Amino acid sequence: MDFDDDIPTLIEHEDQVPAPDSASTNRVPCTIISGFLGAGKSTLLRRILTERHGYRIAVIMNEFGDTSSIEAKTINISSEDDPTAENSQEVLELANGCLCCSIKDAGVAAIEKLMQRKGAFDHILLETTGLADPGPIASMFWLNEEYAAGLGRQISLDGVVCVVDAVFGQKQMEEDHSVDGIGESLRQIACSDVILLNKVDLTSEEQLRSTEELIQRVNPSAPIHRTIRGQIDLAHIMNINAYAGGIKGLRSAEHQHDDNDNHDHAGHTVPAKHYELRGISSLQVTLPTLSRHRLQELDEWIRTVLWENRIPDNDHQTGLSELKVLRCKGLFVMESGEQYVLQGVQSMYDLSLIEGDVTGIPDSGKLVLIGKGLDDSVRQSLERLLV
Ligand SMILES: Nc1nc2c(ncn2[C@@H]2O[C@H](COP(=O)(O)OP(=O)(O)OP(=O)(O)O)[C@@H](O)[C@H]2O)c(=O)[nH]1
């Protein structure tokens, strides 16, 4: 089931995965696959490695696991600096043109080395371990896009996909503990751009709805797709451009419903929705059209929240353990007609002007924050800034 009709999303789904070179750059998009322990990440990736989809995808897995069912030849890619086996990579070349690479070093350098030896790919899928927080990994790739030289610049972060176990997912989320109150399964959901609710063959409709509701409370902006053994149209997880500043990915936002919007007491509309689950919460705010000055103020507000973990107009809230944004997305519509896209992961964020044709993009802006401590005081602070 998709929540696309009910909840706002900044991610577009297309019937076909767009041609790899249709993007404005020739960077190889990288999708991070996160997910709960045993939820079905490897099953999804193994399916992609064996299916005939016409794409040359490099799949980077934690371990090959049982690859005996996959027809592949092994290639050893050793480093020029270290021709001995120590830092070499073992790569499987699959019949459908995909490459499967098991890495101990999940860093950008390992992928660059792979690209140097085997040429560019149409797409890279990177599996994280079931206990990994995808936020820092996503930041690393994003940072790399900005600062890396050479090959590193050719990799761009496309999106983060989280595979959730339909049977145990709800329990995992409800029992998720950690020192700072946000356990790994909640972090994974919070940082995701797309959720796959997998193993739906093993549970009831009631359980599925209840799990979907919980997921939605943690991350209202990620579409949820139900899957069995990772069966998913690749267009839902590849080339989603979740971190790009372009207009792709924004058009579906016009289908958003705001039935439960809040109105402030002065009668102004700064509609907001707030959800919370075990310390992790999200805040969605519909934004009015912005003047340039207001945009600067909003930009400053976001920087303070992201970098100082506090709201700007509340000096008493030192908040380092209170307020923490894990993911933010936004669309800002200017009085001049210009539109800006905000993308943020952890403390990194990017505000970029949408260039070209903006037809079909909604005329009201939106800000979605996902993290910890996003309570009424944060919403009110935004209202004070915007109204
Ligand atoms: N019935 C059913 N079983 C599934 C489905 N998806 C995966 N499985 C099984 O669930 C088990 C775990 O799947 P994996 O793909 O290994 O899960 P994973 O997320 O990679 O696991 P870790 O890497 O250990 O976190 C395997 O035995 C799969 O065959 C599904 O949709 N339905």
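Me: Which residues does Ile237 touch, not counting residues up to four places away in sequence?
Reply: Two residues are in contact if their C-beta atoms, placed from the backbone, lie within 7 Å. This is a predicted model, in which local features need pLDDT of at least 70, side-chain atom pairs count only at pLDDT 80 or more, and totals for chains, interfaces and linings use all residues. Residues are numbered from 1 along each chain as its sequence is written. Leaving out residues up to four places away in sequence, Ile237 touches Thr31, Val161, Val194 and Ile232.

Me: Does Ile237 count as buried or exposed?
Reply: A residue is buried if 20 or more other C-beta atoms lie within 10 Å of its own, exposed if 12 or fewer, and partly exposed in between. Ile237 is found in the loop between β9 (224-227) and β10 (272-277), strands being DSSP runs of E with at least two residues and helices runs of H or I with at least four, numbered from the N terminus. Because Ile237 has 26 C-beta neighbours inside 10 Å, it counts as buried.

Me: How many of the residues of strand β1 (residues 28-35) are buried?
Reply: In a regular strand the side chains alternate between the two faces of the sheet. On one side of β1, Val28, Cys30, Ile32 and Ser34 are buried, and on the other Pro29, Thr31, Ile33 and Gly35 are buried. Strand β1 is therefore largely enclosed by the rest of the structure, the number of its buried residues being eight of the eight.

Me: Which residue in β7 does Ser34 stand opposite?
Reply: Two strands pair if DSSP finds at least two bridges between them. β1 and β7 pair in the parallel sense over eight bridges. In β7, the residue opposite Ser34 is Cys162.

Me: Which residue in β6 is the bridge partner of Cys30?
Reply: Strands β1 and β6 (residues 123-127) run parallel and are joined by four bridges. Within β6, Cys30 has as its bridge partner Ile124.
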